[in-house]
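Let's take a friendly walk through a protein model together. Have a look at the sequence and the structure before reading on.

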Amino acid sequence: MRADRVFAYGAAAGLLGDLLLGDPRRGHPVAAFGRAAGAVERALWRDHRGWGALHTAVCAGGAVCLAVAAERSLRTSPAASAVLTAAATWAVVGGTSLGREARAVGGALAAGDIEVARERLPHLCGRDPQALDADGIARAVVESVAENTSDAVVGALVWGAVAGVPGLVGFRAVNTLDAMVGHKSARHRRYGWASARLDDVAGWPGARLTAVLAAVAGGDPRGAVRAWRADAARHPSPNAGPVEASFAGALGVRLGGTLSYAGRVEHRPVLNGSGRAVRVGDIERAVRLSRRVSLLALGASVAGRLLATSLATSLTTSRTKSLAKSRVTKGRTS
């Protein structure tokens, strides 16, 4: 079985596993990586970019090396390689848990229980829930669903298509490190710089694909493209900007504005300013859009891997025939 088909079968099975099972309640591999990364941070932490870069290299590099070793150990067995790819895909994607948490907050808001909604919101994002009313919580959930569709699903599938199991694992490792140390707290402003920048680079292709697919799968493709082109560059994050703007346009809502993180207030630009304010019902619409985008991303990633392999095979075959023809010609002339 060719490597592209191994990825296709494995990624499809892994995403199906996530759809059916979601994340395990205990013993999640990403949580285990987080604990290991936390131990490395406690050993290496200095208020210095260089030490933070070393932390990133040790943690992300170690995860990738383990994935490479696992993939190579099974490369003689296509079936085992497909199972490994499925397991890795299931471990690193989190679309079902994302939707579950978003719906839990939406259900609390729909029931009028804002305190429960505030308790659940930290499962999705780092906003200060006490500073938000019901509409503010709904907007935070929609923004989190949009951004995490890229971070928790699409980006991983893209890098899996590019580099197999090491790509899947490496992307999730980098994204997890950014969530742990990549924010602008006093402790991590310098130490987390390398993780944040690497996450920007790793997330770039997945974010653009997410924005494109949100426009395709949403209810207003033109609105999504218009909001993306007009507002994405104004967002402080190079990757969250296109994703959130495209989701905002596709859903016809207005995102962005004033945010509060642990007492720190940020005034972000409004995305899709012509849209209406987010309502509680938009949480379910955002979750459904996220699900459609995830499935389309699987198709796009598999198709891209198959196409790249086919083109590479064609080029290799063409070059081999050309060399053989050249040798025959030289033999006749000599």
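In which helix is L20 found? L20 is found in helix α1, where helices are DSSP runs of H or I with at least four residues, numbered from the N terminus. Helix α1 covers residues 3-21. Before we go on, note that this is a predicted model, in which local features need pLDDT of at least 70, side-chain atom pairs count only at pLDDT 80 or more, and totals for chains, interfaces and linings use all residues. Residues are numbered from 1 along each chain as its sequence is written, and side-chain values use heavy atoms, with hydrogens and water left out.

Is L20 buried or exposed? With a relative accessible area of 66%, L20 is exposed; buried means under 20% relative accessible area, exposed over 50%, and partly exposed in between (1.4 Å probe, protein chains only). Now find K325 in your view: it sits 305 residues from L20 along the chain, and the C-alpha atoms of the two are 54 Å apart.

Next, turn to helix α5, residues 95-110, which holds S97. S97 counts as buried, because its relative accessibility is 15%. Setting aside neighbours within four places in sequence, S97 is in contact with G22 and D23, contact meaning heavy atoms within 4.5 Å.

Finally, visit helix α9, residues 221-231, whose buried residues are G223, A224, A227 and D231. These lie on the same side of α9 because they cover an arc of only 100° around the axis, taken from the directions from the helix axis to the C-beta atoms. On the face of α9 turned away from the buried side, you will find the exposed residues R222 and R229.

Conventions. Helices (H or I, at least four residues) and strands (E, at least two) are DSSP runs, numbered from the N terminus.
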